[in-house]
Structure formats: C-alpha cells, structure tokens
Amino acid sequence: MAAAVPRSSKTESYVDNKRKDDVRQSNIIAGRTVADAVRTSLGPKGMDKMIQNGNGEVIITNDGATILMKMEVLQPAAKMLVELSKSQDIVAGDGTTTVVVIAGALLKQCLTLLNNGIHPTVISESLHKVSEKSVDILTAMAVPVELSDRDSLMKSASTSLNSKVVSQYSTLLAPLAVDAVLSVLDPSKPNLIDLRDVKIVKKLGGTVDDTELVKGLVFDKKVSHSAGGPTRVENAKIAVIQFQISPPKTDIEQSIVVSDYTQMDRILKEERNYILSMIKKIKATGCNVLLIQKSILRDAVTDLSLHYLAKAKILVVRDVERDEIEFITKTLNCLPIANIEHFREEKLGRADLVEEVPLGDGGKIVKITGIQDMGRTTNVLVRGSNQLVLDEAERSLHDALCVIRCLVNKRFLIAGGGAPEIELSRQLGAWSKVLHGMESYCVRSFAEALEVIPYTLAENAGLNPIAIVTELRNRHAQGEINAGINVRKGQITNILEENVVQPLLVSTSAITLATECVRMILKIDDIIMVR
C-alpha cells in the first residue's frame, strides 16, 4: 500500500501523459535532423552542399543560412531552426551553421533530461540561466578592438572567409571587405552601418582574382550604341531620369485611325518635333550623360530618340532598375527627375569620367569615377568563372561585410577555433556544482552540449575528435583560455596567435538565439491542426 503513494516532492519527478511526450519527442527529433544536415559544413574544413531545385538550378554553398533556406522543411519545429539561422544571419551575418549545430546539441540533451523525468519548465529555466551566464563568460574573454586597427578587422574577415568555398581568395576579399565597410562608415553615426550602401555587382567572366572595389558607380550594362553615340565622356553632368524620351501613346484600349497620308506625315513630324524639343531642353542644361529608368508601359527610348541623343553627344545608359535609383542618386548626390519640365541643372550629378570599359572576355560595364561630393557608398565588382562560383563569392563577401559590421556595432573580438565553446563548457560545468537540485543537473548537461562545436570542427577536419576535445579541455583547465583547434596543422595551439578571431557579437548572439529557440520547442506540448 505504501509503495503506491506518490512522492511528496512534485517538482523533482514529473509524470506526464503519453501524447505530450510524443509531440515533444517528435519536435526534438525533427530539430536534431535539421541540425545534423548542416553539421558537416561547419568550419574551414567543412564540406559543401549541392542544392538542386525543381527546375534544375544548382547552388553550391556551405553557408548555413543558404542551405536551410533552400531546404523544403515541412515539420513545424524544424522550421523554427530554419528561422533561427535566418535571424542569426540578420543579427550577425556569420555563424549561421554554428547556431543550428548548438541548438541541435542542446535539443539532444533536453531529450535525455526529459526521459529522466525532469519537468520541461525546469529545463527551460535552467537554459535561460545558462544563456545569461554564457554571455557574461564570453564578454569576459573578449579583447577590445579599435576601428583604426585595420589588421584585426582583416583577421576577423579572413576567418569568416576561410570556411567558405572561395577560401583561397581570402587574402584578396578580406581587405576589400574592410575597405568597403570603412568607406561607408558615417563619422556622425559611428555605430551604424547600412550594408545597402555597399552594392555588389556580379559580372560573369574572369576569375575571383579580378574582383575589385570601385570608388564610384558600376553598371552591369552596355552604353546604348544603336546610333553611334559617345562611349566615353569627361567632365560628365549626369541626369537620372524617370520619364520616357519617346512619343506619347494612347491608353491600351484606345486606338487612332489615320485615313490619309498627309495626316500620317503630320503625326511623324509631330513625334519628331516632340522628341527634339525634349532633347533640346536636356542639352540646354549642359547634361551629357543620361541614366534612364526602365519603363514598363512605353519604350523608355526609341531608335529615333537614340539617334537624336547621339547627335547631341549625350551618353545613354538605359534600363536602370527601379530599386537601384535610390542608391544611384545617393552616390551621385543628385535628384531623380520625374518630368521633362523639371529638368534643371541643379538636379544633375557631376563626375570626372563616365566610360564603357571592355572586360577581356567580350563583356562590357559602364564605370562612373571621380564623382564630386560623392555620397557614402561604394561598389564591389565581383567576377567569377561560372555562375556557381560567382553566387558563392557574393554570399561569402556578404558574410565578411557582416562580420565587420558586427565589429563596428560591438567592438570586441574573441578567439575562434572552438576555444570560446570549450571555455564556456568548462566554466558552466564548474558553475553547476554551486547550484542545487535539478538545476545543477540541467546546467551540467548543457555545458556538455557546447562541446559539440570543437568536436564537429575536429571531425570535419579528419582529426580524432575525442582525443582533440580531451586535450582541449586539459589545456583550458590549465588556464589557457585561447587554446583552440588549429585545423591547418591538425593540433591545438593558441588560436589568437594564429589570427583566427571572430566578433564577440557572433558568439553571443549564437548562444542566446539557440537557447531561445530550444526553449520554445520545449514549451510546446501539443500540435493542433486548424483548417
């Protein structure tokens, strides 16, 4: 009889009904599956994934956010991990694989704890404490950095690039990323960087070595040649126009019926005069370069208007995308002109040189350089031998830019190579001995979970993960805070001396976002379908 009496302490052991356990278990397993899918692509020696979508397009990448974004995930809890890597991409831009791998490891430990009969709320509370404590530990490890210290910025950018497909070009892309971000940094707002001010223009052909930073504007287009207009203009006055230089048309439903030739001639003559008067107004302001926005309903320019523009020695770049207009006007420091009546000289931008530059392989681009009073923007022209390399180079460059943006927001560096994770694991393990009850048990298992990062790094590099992680623990226990895995040499060294560094923001946001996501998955005990 006495055996059947339930134990008095309710929090210590927890009996839940079967259904809720099943839902929780299926959510956790789904989350872990997603994490295992990207785990192999972690670190500089990580593998790449080839993604093929329904219409046969192929993407090759090892950027965690890209892989997960393209994956068709149906299970709702697994979708949360995809969102997780997206939010890490927005906050930090790098560490998108790390954050998912950490979440997967934490979920694995949660499953064990749940099976031991610990209440999900207790686990969730401990997780929250762990994440707050981790941020403190990481901040204590970090090294402050100044933006004038270009070396440190380059180290962190090249660390980010080393784990990408284009890692062999990191010596070229890292300084490029640093210069790009520093050139758009506004001294009046030192902590804010808008990466939309760095425009990446992709042009097929050449190799990644030909990638360059352009002070000015680059268009992936040709100059309109059809009527033999100029292809190079010095001391340019540039107008960005949003109206069409073509004869007016009727609305779509209506039509004009012309009955005899004299009227036909009159129409043509009127059209010619209409275009000529527009071009005379443009020429009168001294404008000699036109950037014409793409038009949908009418042709932005006709052959006739191109002919007259060529005679007026005006260089024309047409089909400028609508969403580029803001960037162009900011760079040229001019105003977009929406109507011919408003065409005035003060709305023009000025530059020393506008020219069409042939690239060795038959492609051409338009470059505008020597812009007066240039806005704080910059252009990066990325080259690549095929579309896959080109796209991956753009993604990697974006990650490198984000890393430097993190350093601008929060000016601290931290060692890479699994060093912060092992240090966290060690300190949290020590901290768990101070806590009481179930909490201590939970914290200890989460501390173990963080070892997944160095373990995976070693595994992907083909080293013996168990030996490496044990040796790492040993080094950290002796007080070598910055000891990490040196993947190139296949041994453990002081990672800061090897120049493997990352911004503090990447590590802290990875831990906080991962724990947040795991806590949400833990709290779900039922899935209800609603039509």
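1. Let's start with cysteines. A disulfide is a pair of cysteine sulfur atoms within 2.5 Å. With that cut-off, a search of the whole structure turns up zero disulfides. Take Cys110: the closest cysteine sulfur belongs to Cys442 and is 8.3 Å away, too far for a bond. Cys406 is in no disulfide either, as its nearest cysteine sulfur, in Cys402, is 6.9 Å off.

2. A quick word on what you're looking at. This is a predicted model, in which local features need pLDDT of at least 70 and side-chain atom pairs count only at pLDDT 80 or more, while totals for chains, interfaces and linings use all residues. Residues are numbered from 1 along each chain as its sequence is written, and side-chain values use heavy atoms, with hydrogens and water left out.

3. Are those two cysteines buried or exposed? Here buried means under 20% relative accessible area, exposed means over 50%, and partly exposed is in between (1.4 Å probe, protein chains only). Cys110 has a relative accessible area of 0%, so it is buried. Cys406 counts as buried too, at 1% relative accessibility.

4. Now zoom out to the whole chain. You'll find 16 helices and 17 strands; these are DSSP runs numbered from the N terminus, with helices (H or I) of at least four residues and strands (E) of at least two. The radius of gyration is 30 Å, well over the 24 Å that the globule rule gives for 531 residues, so the chain is more spread out than a compact globule. That radius is taken over C-alpha atoms, and the globule rule is 2.2 Å times the number of residues to the power 0.38. Along its principal axes, the C-alpha trace spans about 115 × 60 × 40 Å.

5. What about surface and contacts? Buried residues make up 50% of the 531 in the chain. The accessible surface comes to about 25,800 Å², with 52% of it belonging to carbon and sulfur atoms; such areas come from the Shrake-Rupley method with a 1.4 Å probe, and for residues only the protein chains shown count as cover. A contact means heavy atoms within 4.5 Å. Of the contacts between residues at least 6 apart in sequence, 78% join residues at least 24 apart.

6. Next, have a look at an open sheet of three strands, in the order E3-E14-E17, with antiparallel pairing. Strand E3 (143–144) and strand E17 (501–503) are at the edges with a single partner strand each, so one side of each has no neighbour in the sheet. Two strands pair if DSSP finds at least two bridges between them. Three bridges join E14 (residues 412–415) to E17, and in one pairing Ile414 has Gln502 of E17 as its bridge partner. Helix H6 (residues 150–162) lies across E14 and E17, at about 95° to E17. For that angle, axes are lines fitted to C-alpha atoms, for helices over the stretch in contact, and angles run from 0 to 180 degrees between N-to-C directions.

7. Strands E15 (residues 483–486) and E16 (residues 491–494) pair in the antiparallel sense over four bridges. Gly484 has Thr493 in E16 as its bridge partner. Four residues sit between the two strands, and Gly490 in the turn has a positive phi of about 70°.

8. Which residues have a positive phi although they are not glycines? Asp319 is one of them, at about 60°, and Asp373 is another, at about 50°. Asp319 sits in strand E9 (residues 315–320) and counts as partly exposed at 34% relative accessibility. Asp373 is in the loop between strand E12 (364–371) and strand E13 (378–384), and counts as exposed at 59%.

9. Ser440 lies in helix H13 (residues 437–449) and is buried, with a relative accessible area of 12%. Leaving aside residues up to four places away in sequence, Ser440 touches Ser432 and Leu435. Ala140, in helix H5 (residues 120–141), is exposed at 68%. The C-alpha atoms of Ala140 and Ile495 are separated by 17 Å, with the two residues 355 apart along the chain. Glu346, in the loop between strand E10 (336–337) and strand E11 (349–358), is exposed at 63%. From Glu346 to Leu153, 193 residues apart in sequence, the C-alpha to C-alpha distance is 40 Å.
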